[in-house]
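This report looks at one helix packing, a group of charged side chains and one further residue.

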Amino acid sequence: MPLARRLGLADAVFIGLGSMIGAGVFAAFAPAARAAGSGLLPALAVAALVAYCNATSSARLAALYPESGGTYVYGRARLGEFWGYIAGWGFVAGKTASCAAMTLTVVAYAAPGLGQPWRSLLAVGVIGLVTGVNYLGVHRSALATRVIVCITLVVLALVAVFGFSGTHVSPWTPFHGGGVLEAAGLLFFAFAGYARLATLGEEVRDPARTIPRAIPLALGLTLVVYAVVAVVLLVTLGPDGIGANPDPLAAAVPWLSPVVRVGAVVAASGSLLALVLGVSRTTLAMARDGHLPRFLTAVHPRFSVPHRAELTVGVVVAVLATTTDLRGAIGFSSFAVLAYYAVANASALTLRRDEGAAPKVVAAGGLAGCAVLAFSLPLSSVLSGCLVLGLGGVAYLVRRRRVAR
């Protein structure tokens with residue numbers, strides 16, 4: 001049963017904004033500043049450049065293949081079944097970890113100092129609520145995302161206005177290229193939400209026109225917001241102050257801290273909402289092709305959503321959120337998602353001009369950028385990412401041998 005096409009351009013842009021302008025803007029700047037020092041803005045520029053290349057490749061491919069699944073579909077069509085599978089595996093694994101990270105962020109901001117087992121119970125409740133919203137249908141999810149994005153932007157605007165008008169410090173400290181690249185890899189985590197638009201190919205009206213317009217619009221607006229926030233943090237706290245504060249936006253304007261905390265909870269919830277939406281659609285696409293259990297292909301007759309895939313993703317995220325920490329989830333997610341986009345760029349390199357190909361330098365730059373940023377991440381993230389992708393490859397080969405027999 002096909003999914004219903006309900007989303008227009010505005011809905012798609014807001015889903016992209018809700019996916020990107022989420023917990024990343026509240027959490028990613030501190031570890032990035034510790035890595036890059038006053039190179040925070042160059043790191044943001046590098047992350048944005050790689051994101052732009054990835055977005056351009058994804059947009060051209062999404063227009064040509066308007067189906068649920070994103071790079072899982074593109075990789076299969078352009079590079080072969082194995083590479084599509086690896087992209088899908090990386091996306092599902094990485095973004096499931098992102099869902100856990102967002103859930104933990106909501107809990108950390110909503111209930112600071114809460115001990116176990118209450119933290120775990122609250123995490124399960126958060127992911128249960130988000131899964132329920134998505135279960136009721138993508139249109140309601142898009143409406144909720146629109147409201148959440150507006151609230152988040154208002155909070156960030158308040159931080160910017162009062163931050164610029166407050167006391168300033170020197171934004172300069174020494175930095176080195178390796179730290180800038182590591183910071184760019186961490187900041188890329190906060191940009192990666194535009195993939196959610198490509199995974200919604202079956203639910204967007206006129207996808208060949210809507211998706212290529214929505215992706216760069218959402219990415220451009222996000223970059224403007226992040227750049228303003230980064231400048232505010234640098235002039236109010238300085239690089240050392242940003243890195244020393246787990247909640248730098250609240251520290252930048254202390255008297256506004258309660259409002260910032262509420263904004264962080266709302267933003268992380270919006271990001272989680274869109275993440276579960278995208279992961280479940282890629283799960284649906286992989287299940288349709290037999291790479292995941294077939295029972296996940298079911299589409300609800302009333303709500304027109306892949307309800308079994310959404311419920312399964314919700315259960316897995318709940319388990320991860322109660323057994324892992326935020327730093328580990330973010331590091332692994334960044335590596336896996338960069339691998340996903342590497343396959344997208346490699347797929348875009350095969351496009352012909354009559355298929356809407358962008359200049360080859362864009363896809364080639366995106367592919368190289370993904371590789372550089374992925375292996376600039378902390379060693380633990382690189383090792384865990386390679387291990388999980390390797391296990392996915394082994395599972396693919398085992399399944400293929402069984403089918404051959």
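In this predicted model, helix α5 passes helix α16 in a left-handed crossing. On the α5 side, the contact is made by Thr-71, Tyr-72, Tyr-74, Gly-75 and Arg-78, and on the α16 side by Tyr-340, Val-343, Ala-344 and Ser-347. Five of these residues are nonpolar, three are polar and one is charged. Helix α5 covers residues 71–78 and helix α16 residues 326–348; their axes are 9 Å apart and meet at an angle of about 45 degrees. The two helices are therefore oblique to each other.

Arg-78 of this contact also takes part in a network of salt bridges with Arg-352, Asp-354 and Glu-355. The whole structure has four salt bridges, including those in the table.

| Salt bridge | Closest N to O distance |
|---|---|
| Arg-78 and Glu-355 | 3.0 Å |
| Arg-352 and Asp-354 | 3.1 Å |

Arg-352 is partly exposed, with a relative accessible area of 46%, whereas Asp-354 is exposed at 63%.

Elsewhere, Val-225 lies in helix α11, residues 207–236. With a relative accessibility of 18%, Val-225 counts as buried. Leaving aside residues up to four places away in sequence, Val-225 touches Ile-21, Leu-153 and Leu-156. Leu-153 is 72 residues from Val-225 in sequence, and their C-alpha atoms are 8.3 Å apart in space.

Methods
Residues numbered from 1 in each chain as written. Predicted model: local features only at pLDDT ≥ 70, side-chain atom pairs only at ≥ 80, totals over all residues. Heavy atoms only, no water. Axes fitted to C-alpha atoms, helices over the stretch in contact; angles between N-to-C directions. Helix = DSSP H or I, 4+ residues; strand = E, 2+ residues; numbered from the N terminus. Parallel < 35°, antiparallel > 145°, perpendicular 65-115°, else oblique. Left-handed = near helix turned anticlockwise from the far one by under 90°. Contact = heavy atoms within 4.5 Å. Nonpolar A, V, L, I, M, F, W, Y, C, P; charged D, E, K, R; others polar. Buried < 20%, exposed > 50% of the residue type's maximum accessible area, 1.4 Å probe, protein only. Salt bridge = Lys/Arg side-chain N within 4 Å of Asp/Glu carboxyl O.
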